[in-house]
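Reader: Could you walk me through some of the strands here, one step at a time?
Author: Gladly; here is the model to look at while we talk.

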Amino acid sequence: MIFAVTDIETTGSYASANSITEIAVVLTDGTEILDQFHTLLRPEHAIPPYITELTGITNEMVADAPRFEEIAEELYSWFEDAVFVAHNVGFDYAFIKKSFEEYGMRFNPKRLCTVRMSRKILPGHRSYSLGRICEDLGIGNEARHRALGDTMATVQLFHHLMLSDQAGVIDGMLKRGSAEQWLPPALPRNVFDQLPEKPGVYYFIDRHGKFIYIGMSINVKKRIRQHFGGKMASSRRQEFLKDIVDIQVTLTGTELIARLLEDAEIRHHWPKHNRAQKRPRSRFGIVSYLDQLGYKRLTVQKLQVGSRPIEVYYSMTTARDRLISLVREFNLHASLCGVPMESGPMPEVSAYNQRIDEMVAFLANQDGIRWIEGQGRNYDERSLVVIEGGQLKGYAFISPDESVNSEEDLLNFTTMLPSSEMTHSIMAPYLPHSKSIEHIRQ
């Protein structure tokens, strides 16, 4: 088997807006060097001063160098039938893949990451950066932060790993589809393998123990696999994957509880990679207005300053679905609500308007405790989303041997969550199916 150990220098830290300035490829059979390729490249972007300070590569040095497309076919031949090897392989692979794709060539070799290999085969080191691990192993590098110097150091590290691999770690990594080829470099394989395929909230954790991203899914393991399987071209994505060293999961039984808990946890921790929740979001409301015939109509609209909605949502679709459920629940006239349902004859104006007023009053003054029932975290358990006065109270898990006979009993089991417009929006599709204490006693 042939391995193409590779290193690149670039104009910046992410592939989508930067270019390669230097590339080196060294072919090895795992014990001996077979051949090598090295060239500077003229990038599409100017080299920033801080990159020049780090690498020593100036804009003048690359002014007469070939562009990537000029060496693409020759370079591709170096990777044919070889395993692509690099230290933090996702970085180098993202740049080279993007460059080949711009030239119209598909690039998807088997890959090995010497960071992940080192963590598995040589545990216990203080750091697995190329400089630190090479220093620990006595591997010299007189041209650090230059492609050929770092490639030669990586080759020596790779040879050492091949000799030290007594447990067949590398063979396992080479299996097509192996998680080792796409997992974040600092995340242990067993952490991913043990993830549940159930509804829950998951937390990505950095080396300082901080939550850097919180998400939810009805299948936690599948969703997390999707996080790790996308393209690595953006700086955000590269930083995101590099930071992950552990994953924590809270099982929730249902998608509803997962969404509510995710919202509460993001608002509590504000992880740095949960950017969507930090941006201002459009709000949509169910509003009432008087038409020219005197009917009180209901409609869904994007809210503006001064709007007085009956209920508020963060999704137009959710708001429309809620309006349809209100039409059914309160026997409203579909055509007067803009709902695509059979309407029947037009009702008498004053009686219909009174029905609208009664509905609005009911929604504004929902007293007592109700809940939305669902599957628990296991087969025997029930889950309850607890609502008081129309607002979210929290959630509870009830096992068959636990007795709940009153609202007070239920609250003793309840994990409290903050209520907000967002939680009401999340719960809205489920509210018509909420139950009272009489149901839970059954």
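**Strands and hairpins**

Author: E13 and E14 form a hairpin with two residues between them, and in that turn Gly389 has a positive phi of about 60°. Strands (E) are DSSP runs of at least two residues and helices (H or I) runs of at least four, numbered from the N terminus. This is a predicted model in which local features need pLDDT of at least 70, side-chain atom pairs count only at pLDDT 80 or more, and totals for chains, interfaces and linings use all residues. Residues are numbered from 1 along each chain as its sequence is written, and side-chain values use heavy atoms, with hydrogens and water left out.

Reader: How many bridges join E13 to E14?
Author: Seven, with strand E14 (residues 391–398) running antiparallel to E13; two strands pair if DSSP finds at least two bridges between them. Leu384 has Ala396 in E14 as its bridge partner.

Reader: And which residue in E13 does Arg370 stand opposite?
Author: Ile387. Strand E12 (residues 369–375) pairs with E13 in the antiparallel sense over seven bridges, and these two form a hairpin with six residues between them.

Reader: Switching topic, what is the strand order in the open sheet with E9?
Author: The order is E10-E9-E11, three strands with antiparallel pairing. Strand E10 (296–302) and strand E11 (311–313) each have a single partner strand, so they stand at the edges and one side of each is left without a neighbour in the sheet.

Reader: Which residue of E10 is opposite Ser288?
Author: Leu298; strand E9 (residues 284–290) and E10 pair in the antiparallel sense over seven bridges.
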